[in-house]
Amino acid sequence: MTPVLYYLPPSPPCRSVLLLAKLIGVELELKVLNVMEGEQLKPDFVELNPQHCIPTLDDHGLVLWESRAILAYLVSAYGKDENLYPKDFRSRAIVDQRLHFDLGTLYQRVVDYYFPTIQLGAHLDQTKKAKLAEALGWFDAMLKQYQWSAANHFTIADVALCVTVSQIEAFQFDLHPYPRVRAWLQKCKDELQGHGYKEINETGAETLAGLFRSKLKQ
């Protein structure tokens, strides 16, 4: 029985799960859930996930949401490359820290700045733009430490952060002040190019950016 993923293609957290699945060769049964139309509030899905958010993974009765938890689970359950999520607890701690930074800081600031416009047509808040710039500066400094975001090899932290930063790029946020971020992002694109990067991530990022631009003009 194939694990089931409830998702929406333009969603950045969903795209990170799809990219990792391609990378490690896990086949998923994909079920589109259009949260823009309120499909996540249907009783059967609320029964499955009381928080009614996507992505949600159902792997033989093990139900997970929060994309970064799903990334860690998929690698642990199905991955053959230990480097993606190291078993050494000190190395794994750095990967976990970067994942939490993405969830609680960088991606959260993307949501804070852009999503009120996407969802409500609100005007952009320059204070929130400054907070996003601040987070990018922190990430740029983190990239001094390793060749990739969390190690000297590619990990699931790079998958999650690549989706976030590529979405920022698609929104046409100026990345020029962050040279390490730009160089790292290109490396990630090259690494993922043979694993559905264009059709999964690039297409989804442009779809979401297009929605943002359409709301900005209203």
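Which side chain meets that of Asp102 in a salt bridge? In this predicted model, the partner is Arg68, with a distance of 3.0 Å from N to O. The legends below treat this pair and its surroundings.

Figure 1. The domain assignment divides the protein into domain 1 (4-80) and domain 2 (83-217). The contact takes 19 residues from domain 1 and 24 residues from domain 2. Taken over C-alpha atoms, the centres of domain 1 and domain 2 are separated by 19 Å. About 1900 Å² is buried between domain 1 and domain 2, and carbon and sulfur atoms give 78% of this area. On the side of domain 1, Arg15, Leu19 and Arg68 supply 37% of the area buried against domain 2, which is more than any other three residues. The interface of domain 1 and domain 2 holds 1 salt bridge by the rule applied.

Figure 2. The unreviewed UniProt entry lists residues 1-82 as "domain: GST N-terminal". Over residues 1-82 the chain is 38% helix and 20% strand, and the end C-alpha atoms of this stretch lie 24 Å apart. The unreviewed entry also lists residues 88-207, as "domain: GST C-terminal". Over residues 88-207 the chain is 74% helix and 0% strand, and the end C-alpha atoms of that stretch are 38 Å apart.

**Figure 3. The salt bridge of Arg68 and Asp102.** The side chains of Arg68 and Asp102 meet at 3.0 Å, N to O. The pair links distant parts of the chain, since Arg68 belongs to helix H3 and Asp102 to helix H4, 34 residues apart. Are the two partners buried or exposed? Arg68 has a relative accessibility of 11% and therefore counts as buried. Asp102 is likewise buried, because its relative accessible area is 0%.

**Figure 4. The surroundings of Arg68.** Arg68 has its place in helix H3. Which residues are in contact with Arg68, leaving aside its neighbours within four places in sequence? They are Leu99, Asp102, Leu103, Tyr107 and Ala160. For orientation, Trp184 may be included in the view: Arg68 and Trp184 are 116 residues apart in sequence and 20 Å apart in space, C-alpha to C-alpha.

**Figure 5. The largest nonpolar core.** This core has 69 residues, of which Leu106, Tyr114, Leu132, Phe139, Ile156 and Trp184 touch the most other members. At least two residues of the core come from each of strand S1 (4-7), helix H1 (12-24), helix H3 (67-78), helix H4 (89-120), helix H5 (126-142), helix H6 (156-170), helix H7 (179-192) and helix H8 (197-216). Why does the core lie between domain 1 (4-80) and domain 2 (83-217)? Both domains give residues to this core, so it lies between them. In soluble globular proteins, nonpolar side chains tend to be buried together.

**Figure 6. The contacts of Leu132.** Leu132 is one of the residues that touch the most other members of the largest nonpolar core. Not counting residues up to four places away in sequence, Leu132 touches Leu106, Arg109, Val110, Tyr113, Tyr114, Ile168 and Phe173. Two of these neighbours, Leu106 and Tyr114, are also listed with Leu132 among the core residues that touch the most other members.

Figure 7. A search of the whole structure finds 7 salt bridges. In one of them, the side chains of Glu134 and Lys131 meet at 3.7 Å, N to O. Because Glu134 and Lys131 are 3 residues apart in helix H5, about one helical turn separates them. Glu134 counts as partly exposed at 33% relative accessibility, and Lys131 counts as partly exposed at 39%. In another salt bridge, the side chains of Glu169 and Lys189 meet at 2.8 Å, N to O. This pair links distant parts of the chain, with Glu169 in helix H6 and Lys189 in helix H7, 20 residues apart. Glu169 is partly exposed, with a relative accessible area of 34%, whereas Lys189 counts as buried at 15% relative accessibility.

Definitions and conventions. Residues numbered from 1 in each chain as written. Predicted model: local features only at pLDDT ≥ 70, side-chain atom pairs only at ≥ 80, totals over all residues. Heavy atoms only, no water. UniProt positions renumbered as here; feature names shortened; annotations may be inferred. Helix = DSSP H or I, 4+ residues; strand = E, 2+ residues; numbered from the N terminus. Core = buried A, V, L, I, M, F, W, Y, C linked by side-chain atoms within 4.5 Å. Buried < 20%, exposed > 50% of the residue type's maximum accessible area, 1.4 Å probe, protein only. Domains from an automatic or database assignment. Contact = heavy atoms within 4.5 Å. Buried area = accessible area lost by both parts, 1.4 Å probe. Salt bridge = Lys/Arg side-chain N within 4 Å of Asp/Glu carboxyl O.
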